[in-house]
Structure formats: structure tokens, C-alpha cells
Amino acid sequence: ELCDVAPPKRGRTQLTPSGCPDDDLVLATALAAQADVIITGDKDLLTLKMHSGVRIRSPRQFLDAPTA
């Protein structure tokens, strides 16, 4: 498997790093799923680059990154 899909995490969160409730939901879901990376085209999320150990990359950045 190359990836897992996590259902959105609902409820109150203490996260507000992006300033956008929809983006904060994405971040909370990634943390709950213990994701390594978020792949997105959302410019606001991409400006964070990382949140709580979760890397945030565009599809191009992800594809161009060396694999370990």
C-alpha cells in the first residue's frame, strides 16, 4: 500500500495554525491518522510546510522527492 485514507476528524480541536477551519480539519485528521505527509494543492496549507511532524507537500514536490 502506498497510502491510507483517513476519515475526517470531527469535533473541537485546539489547532488553529492555518487560520482556516477547513484547513485545520485537514491537519487534525492527518495528526489523528498519524500521517507522514499531506499532499495538497491548497496554498495556505503549503505555506506551513510542516505541522507537528507532518510534512505538507504539493503533488509535484512529493513526486520529485527522493524515496528512502
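**Briefing: a predicted α/β model**

Among contacts in the protein with a separation of 6 or more, 13% join residues 24 or more positions apart; contact means heavy atoms within 4.5 Å. This is a predicted model: local features need pLDDT of at least 70, side-chain atom pairs count only at pLDDT 80 or more, and totals for chains, interfaces and linings use all residues. Residues are numbered from 1 along each chain as its sequence is written, and side-chain values use heavy atoms, with hydrogens and water left out.

**Confidence**

- The average pLDDT of the protein is 82, where pLDDT is the predictor's confidence in each residue, from 0 to 100.
- A score of at least 70 is reached by 74% of the residues.
- Among the elements, β3 has the highest mean pLDDT, at 96.
- Helix α1 (residues 21-32) has the lowest, at 88.
- Where pLDDT is low, the predicted coordinates should not be read in detail.

**Fold and surface**

- The protein has three helices and three strands.
- Helices (H or I, at least four residues) and strands (E, at least two) are DSSP runs, numbered from the N terminus.
- Their order from the N terminus is α-β-α-β-β-α.
- Of the 68 residues in the protein, 22% are buried.
- Buried means under 20% relative accessible area, exposed over 50%, and partly exposed in between (1.4 Å probe, protein chains only).
- The protein exposes about 5,400 Å², an area from the Shrake-Rupley method with a 1.4 Å probe.

**A buried loop residue: S58**

- S58 sits in the loop between β3 (54-57) and α3 (59-64).
- S58 counts as buried because its relative accessibility is 15%.
- Beyond its neighbours within four places in sequence, S58 contacts I39, T40 and L46.

- Most residues other than glycine have a negative phi.
- Q34 has a positive phi, near 55°, and is not glycine.
- Q34 belongs to the loop between α1 and β1 (37-39).
- Q34 is exposed because its relative accessible area is 70%.
- S52 also has a positive phi, near 50°, and is not glycine.
- S52 belongs to the loop between β2 (50-51) and β3.
- S52 counts as exposed because its relative accessibility is 57%.
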